[in-house]
Amino acid sequence: MKKTVSVLLGTVVLLLTVLYANIISPAKEQLVDIEKTQLGATDTYYTFEASTGTLTISGIGMTPNFRNDSVSQPWYEWRDESIKKVVVEEGITALGDYFFYNVRATDFELPSTLTAIGNYTLSGINSAESITLPEELISIGNNAFYYSTNLKSITIPAAVTKIGSSAFENCLALESVVFEDMYSDISVGSKAFLRCPNLKSVDVPKRATLLSYSFGFEKNKVGYVYSDFVLNVYRDSPAYTYATDKIKNTDNYHVLNEFTIKEGQSVGCEYFMDSFRDEMYFIFTPAVSDNYKFFSLGSVDVDCIFNDTLYDDNSLDDLNFTVEGYLEAGREYVFTVKCVSEMSLGSFTVNMENTHSYVRTVVPETLTTDGYTLYNCENCGFSYKTDFVKRLGVHITGRVLLMEKPDGSSVNHYPVRNAYISAGGKNLVLTDSDGNFDFYVPASVGTFSVSSPFAAARNMDIVSDADMNMKLGDITLFNDDYHPDGYVNAKDFAVFRKLYGEYTDDNRYICEMLDYNQDGIIDDEDFRHAENFFTYGKITESIYD
């Protein structure tokens, strides 16, 4: 007998030794790149970049189903240590069973084309804290994220119709579960969020179906609800039935009375004998400023309060309400709906509609104006613009002042009138009586110039800001070469002296250039400026450097 016991104990010790050796044996590392390799008989492939630890899945359609073994899962032996990031490229529509099982990457990127996640597909991804599910996803398989112990948050896209049993069971760090659409028809499987101790509160969609132990339980037994867990449900919804039948303790569930409603949406509601005193709050945030209509349809006698105004029955059946008005984009509006009498109970809908009929016109961008799309209502004439496209031209503004000394200064701020602004080989505009200029030039033109018959041209690079503007402010221009030969000397002095006194329309153009203080007379006060430049050498564009 002793010998038999000894043999049995020896066998047990041997088995435990083998198991322990397997458990503590170091994981293998993949130290070299893996070129594009086909996955089974599918049109999907994988590559691995060792330097970054990136596993990339590419191709079209569904990947193969795996088992949790080295025969089917190619990265089985190095999934713990080597894979740091997973990228699933566009074109993949479904991830098969056990596909990323126990892959310890911290970052998972899923494509917009993905519609299905298989059984155990992302189970045991114990390093990732979050994962973004694509908007087109429809199905999350059984045990899909089972025992992903570091996952902290998950958002369920509006398109999802099924969350499989035990899909997020034992996600010990999970704190947040958010459903994008609170009116989605979605089935949440049994034990889907079993043993998630850090999940303290969940808002459940109105039409969601919950199976046994879907939310709130630490064991799959009646009575084992986490004491600090709260399930937020809509009255008379399937989730409300789950709460009252399974959770039971009223401290662990609350009744929701706030609904987010979108343009064009119809929301089904009910009033029954135990709920007819409840008020419902519908929250609407317009995407565009417009006229909207919020109204009810059905056999329930309901009123609406909006902006402290009561909108009571105004229909032929004397039951429904209508609220119409102009609402501003981005602002949150709250509509309060209440049941008038317990004599009128049952189902009804509330609806949010845009009341305009728009004609769409695309106005293209030009050199000087932005392009946009114009929407004009055929019913009332209301219009708005969207999809703005920046104009094609750079808007350049500035003011030309007289350079009063060779150092480039303009002490008295005398404006230069009728100076030419040129770009691309064309004269575009003249400065006005105050020396101002304002013009547009194609963005492809690199420079423009400021010049006059009595000055060396000033060339400037066009450098615009992000809004395609170039605001130069004040710039100075030399303007004293009245006998244009490139020098300011006695010849120019003679022209100046000749025009002393009041001037007439016959010689106004030149005289205005000399009448710096614009008092209608050329005299010594004007001459004092010109003296600053007389006797200097040849005037070239270098004077502006």
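**Cysteines, cavities and one hairpin**

I'll start with a cysteine: Cys269 has 1% relative accessibility, so Cys269 counts as buried. Keep in mind that this is a predicted model.

Cys304 is also a buried residue, because its relative accessibility is 0%. Cys269 is in none, and the nearest cysteine sulfur to it, that of Cys304, is 11 Å away. From the side of Cys304, the closest cysteine sulfur is the one in Cys269, and 11 Å is too far for a bond. The cut-off for a disulfide is 2.5 Å between the sulfur atoms.

Next, the cavities. Searching the whole structure gives 3 cavities of 30 Å³ or more. By class, the lining of the largest cavity has 6 nonpolar, 2 polar and 6 charged residues.

The second largest cavity has about 90 Å³ of space. Among its 12 lining residues, Pro415, Val416, Arg417, Glu512 and Met513 are closest to the centre. Helix H4, residues 508-514, contributes the most to this lining, with 3 residues. The classes here are 7 nonpolar, 2 polar and 3 charged.

Last, the hairpin. Strands E1 (residues 34-38) and E2 (residues 44-49) run antiparallel and are joined by 3 bridges. Thr37 has Tyr46 in E2 as its bridge partner. There are 5 residues between the strands, and Gly40 takes a positive phi near 60° in this hairpin.

Methods:
Residues numbered from 1 in each chain as written. Predicted model: local features only at pLDDT ≥ 70, side-chain atom pairs only at ≥ 80, totals over all residues. Heavy atoms only, no water. Pairing = 2+ DSSP bridges. Helix = DSSP H or I, 4+ residues; strand = E, 2+ residues; numbered from the N terminus. Buried < 20%, exposed > 50% of the residue type's maximum accessible area, 1.4 Å probe, protein only. 1 Å grid on protein atoms, 1.4 Å probe; cavity = no way out; pocket = protein on both sides within 12 Å on 5 of 7 lines; lining within 4 Å. Points joined across faces, edges and corners; volume = space filled by probe spheres on them. Nonpolar A, V, L, I, M, F, W, Y, C, P; charged D, E, K, R; others polar.
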